[in-house]
Amino acid sequence: MLRSLVGSEMCIRDRIQSHQIALPLIQAAISSLVETHRDDPSFSFCDLGCASGANSVTLARHVYDHLAALGERRPVSYVFEDLPRSDFDELFKTLHQAQLPDQLFPSVIARSFYEPLFPPETIHLSLSMIALQWLRDSCEPPMGLVPPNALTLLAKEAWTAAAARDLELFLSHRERELKPGGQGVYLMVGGGVHEWISPPSGSPSVLSQALGRLVAQGALQVNPEPTLPEPKGAPGRAGSAGLRAVLL
């Protein structure tokens with residue numbers, strides 16, 4: 001039980017830190033959406049990988065605060081997503097107790113974010129805070145919890161290839177779901193000993209590489225004039241077609 005509690009506390013602390021790093025990007029994305037979608041009667045936002053909701057509610061309040069600062073009063077459909085096996089009883093309780101502003105209309109979807117989640121071109125703002133390190137499936141054979149420096153070269157290659165496939169799948173789904181001019185901001189943990197995410201050589205992270213491959217394949221288009229600011233404290237970022245991938 002102690003290990004679970006410590007893990008939960010670390011997760012909460014890390015996610016709150018990720019909100020602070022991502023906040024400049026999120027605020028800039030919202031400001032852009034308010035200007036470019038003036039004729040839309042409402043907004044559709046989503047938070048992917050919300051878990052029990054405690055940190056996602058904090059993020060939703062950040063979003064609302066910036067909308068309020070801009071004088072924006074249009075209603076916002078705000079969708080929280082997590083895996084079907086997640087603790088949705090706790091999520092619903094968190095959302096009920098949060099008493100989010102009336103401008104936000106929360107809903108919940110139980111599905112993997114490696115699947116299509118919304119109809120094409122329906123989402124204005126897509127967010128995910130340090131959830132993309134979780135792959136769709138574990139590689140075979142199952143290895144349990146193994147430190148990165150204990151992995152064999154063959155195992156590292158298998159996990160790296162799986163991460164690359166999953167990230168490309170995630171980004172492809174999100175690109176199709178975004179409205180023209182929509183924005184996606186995604187943070188992924190990396191650095192330190194996580195060599196499969198942030199190689200010590202300084203080469204691009206697997207998240208940046210996935211974006212680059214999709215651009216090279218023509219699946220995504222690069223924004224010719226990026227307008228979003230570099231978030232403070234983020235070691236790396238890649239951008240394409242309204243998608244902003246930040247390595248935390």
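Analyst: Helices (H or I, at least four residues) and strands (E, at least two) are DSSP runs, numbered from the N terminus. On that basis, the elements run α-β-α-β-α-β-β-α-β-α-β-β from the N terminus on, and the chain has five helices and seven strands. This is a predicted model, in which local features need pLDDT of at least 70 and side-chain atom pairs count only at pLDDT 80 or more, while totals for chains, interfaces and linings use all residues. Residues are numbered from 1 along each chain as its sequence is written, and side-chain values use heavy atoms, with hydrogens and water left out.

User: OK, what percentage of the residues in the chain is buried?

Analyst: Of the 248 residues in the chain, 46% are buried, meaning under 20% relative accessible area with a 1.4 Å probe, protein chains only.

User: Now the helices: at what angle do α4 and α5 pack?

Analyst: Helix α4 (residues 153–177) and helix α5 (residues 206–216) pack at about 60°, and their axes, which are lines fitted to C-alpha atoms over the stretch in contact, lie 9 Å apart. The angle runs from 0 to 180 degrees between N-to-C directions.

User: And which residues of α4 and α5 make the contact?

Analyst: With contact meaning heavy atoms within 4.5 Å, α4 contributes Thr160, Ala164, Leu167, Glu168, Leu171 and Ser172, while α5 contributes Val206, Leu207, Ala210, Leu211, Arg213 and Leu214.

User: Back to the whole chain, how much of the contacts is between residues 24 or more positions apart?

Analyst: Such pairs account for 77% of the contacts in the chain with a separation of 6 or more.

Technical notes. Buried < 20%, exposed > 50% of the residue type's maximum accessible area, 1.4 Å probe, protein only.
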